[in-house]
Amino acid sequence: MKDYRFNTKCVQGVYEPKNGEPRVMPIVQSTTYKYESSEQMGKLFDLEESGYFYTRLANPTCDYTAGKIAQLEGGVGGMLTSSGQAASFYSVFNICRSGDHLISTSAIYGGTFNLFDVTLRQMGIDVTFVSPDSTEEELMAAFKPNTKAVFAESLSNPSLVVLDIELFAKCAHANGVPLIVDNTFPTPVNCRPLEHGADIVVHSTTKYLDGHATALGGVVVDGGKFDWMANADKFPGLTQPDESYHGMVYAKDCGNAAYITKATAHLMRDLGSMQSPNNAFLLNLGLETVFLRVKRHCENALAVAKYLEAHEKITWVNYPGLESNKYYDLAKKYMPDGTCGVVSFGIKGGREAATKFMDSLKLAAIVTHVADARTCVLHPASTTHRQLSDKQLEEAGVGSDLIRFSVGIEDVADIIEDIEQALAQA
Ligand SMILES: *Cc1c(COP(=O)(O)O)cnc(C)c1O
């Protein structure tokens, strides 16, 4: 396909039907694929020929959808996973093994934090958490000889910290390791970390990319630029022969798609958290309109943030699109067209007022989710973080008054009216 512009790629990227074929990308709901000879199938198993043979390794619907996201991010290849959690895990585990070390910022999604702080440690992978606001000196001091990657969120959930991608990429590269960026909140519509030096991008596609709260999923995208061979000792999984593929060396035999080929041929083969073709189909429908929806989410969120900032019952508002925000300048640099639809704020009267406010909302629903078309709201102190004391909540950056408001794409006047009547009751 001609190299069309971003929005055109969202609508029509990768899947190109030939004469008489379905206009809409089909769901290939098949685990298996038929061949005429066992010799040919053997070649597929050895990765000597490309083709489909079992959906745990590859499926056309998943490939089209992963390919589209890779295109939107500017990468060389992508792999869909059954959830965002699986994508984060694979992105790290593809290059880290027992005895290795990972650097991550502390401003990351709670599920990712647990994955790194508990599960990776149990697997023998050491993790150092650094502040997302670290200076170059502080970052450089966190590296160890066995560090294999740096992980961060471009715009963190739920704290809405904007990452200085270029600084993190510079420090990672100075230490011969890649930067992995979770780009779930801004989406490639608003931010493309690979253009700023990141090497790998992951997403929870469950959020804006699907955008309708219908399909759990994740994706790993390979930027294709990191030179694994230049740091061959650090990455034996990519630079030494894989005996389960007759001695193939990913970094030599797979061109610039070494990382994503290994993720698919090795991790997905062995661990098997494939996205279902049905979910990939729903995800692709979301991708076709993501550029329209994300723009609207951001316009609505900015209007809501400005309304809240001027309201007497509101003690603070956190939205990087507000000029008063600490991350406004970084947001303008890395996300010039907008950030995301999530706004967090505090309300006078703390936990009690927050609960009353939430229970009084009519249009906005209380759900454990963010980033879909419908406005929704969550009070972490009484739900996801309810086991923590008020002191622990403050330490986690989630005050007892914090309300996380995910602004949808409805008429913004209706959203603001809903907030107004609920605040009147709080
Ligand atoms: C939701 C989320 C995840 C986890 O994704 P799931 O699809 O729920 O597994 C990871 N990172 C970020 C930033 C998220 O918001």
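Seven strands, written here as 7 strands in the order β1-β7-β6-β5-β4-β2-β3, make up an open sheet with mixed pairing, where two strands count as paired if DSSP finds at least two bridges between them, and where helices (H or I, at least four residues) and strands (E, at least two) are DSSP runs numbered from the N terminus. At the edges stand β1 (77-81) and β3 (126-130), each with a single partner strand, so one side of each has no neighbour in the sheet. On average, and with direction ignored, neighbouring strands of this sheet are turned by 20° against each other; axes here are lines fitted to C-alpha atoms, for helices over the stretch in contact, and angles run from 0 to 180 degrees between N-to-C directions. The model is a predicted one, in which local features need pLDDT of at least 70 and side-chain atom pairs count only at pLDDT 80 or more, while totals for chains, interfaces and linings use all residues. Residues are numbered from 1 along each chain as its sequence is written, and side-chain values use heavy atoms, with hydrogens and water left out.

Within this sheet, strand β2 (residues 101-105) pairs with strand β4 (residues 147-153) in the parallel sense over 4 bridges, and His-101 has Thr-147 as its bridge partner in β4. Helix α3 (residues 60-73) lies across β1, β6 (200-204) and β7 (218-222) and runs at about 125° to β1, whereas α7 lies across β2, β3, β4 and β5 (179-182) and runs at about 150° to β5.

Two backbone details deserve a look. Most residues other than glycine have a negative phi, and most peptide bonds are trans. The peptide bond from Asn-157 to Pro-158, however, is cis, with omega near 5°, and Pro-158 is placed in the loop between β4 and α7. Thr-187, a residue other than glycine, has a positive phi near 60°, and Thr-187 is found in helix α8.

A second sheet is also open and mixed in its pairing, with 5 strands in the order β8-β9-β12-β11-β10. Its edge strands, β8 (314-318) and β10 (365-366), each pair on one side only. Strand β9 (residues 342-347) and strand β12 (residues 403-406) run antiparallel and are joined by 4 bridges, with Phe-405 in β12 as the bridge partner of Val-343. Helix α14 (residues 350-360) lies across β9, β10, β11 (376-378) and β12, and runs at about 130° to β9.

The domain assignment, which is automatic or taken from a database, divides the chain into domain 1 (6-285) and domain 2 (292-425). Their contact takes 28 residues from domain 1 and 29 residues from domain 2. Between them, domain 1 and domain 2 bury about 2,400 Å², with 60% of it on carbon and sulfur atoms; buried area is the accessible area (1.4 Å probe) that two parts lose on being put together, summed over both.

Across this interface the rule finds 2 salt bridges, each defined by a side-chain nitrogen of Lys or Arg within 4 Å of a carboxyl oxygen of Asp or Glu. The side chains of Glu-166 and Lys-333 meet in a salt bridge at 2.9 Å, N to O. On the side of domain 1 that touches domain 2, the elements giving two or more residues are α7 (165-174) and α8 (187-190), and α8 gives the most, with 3 residues.

Key: Contact means heavy atoms within 4.5 Å.
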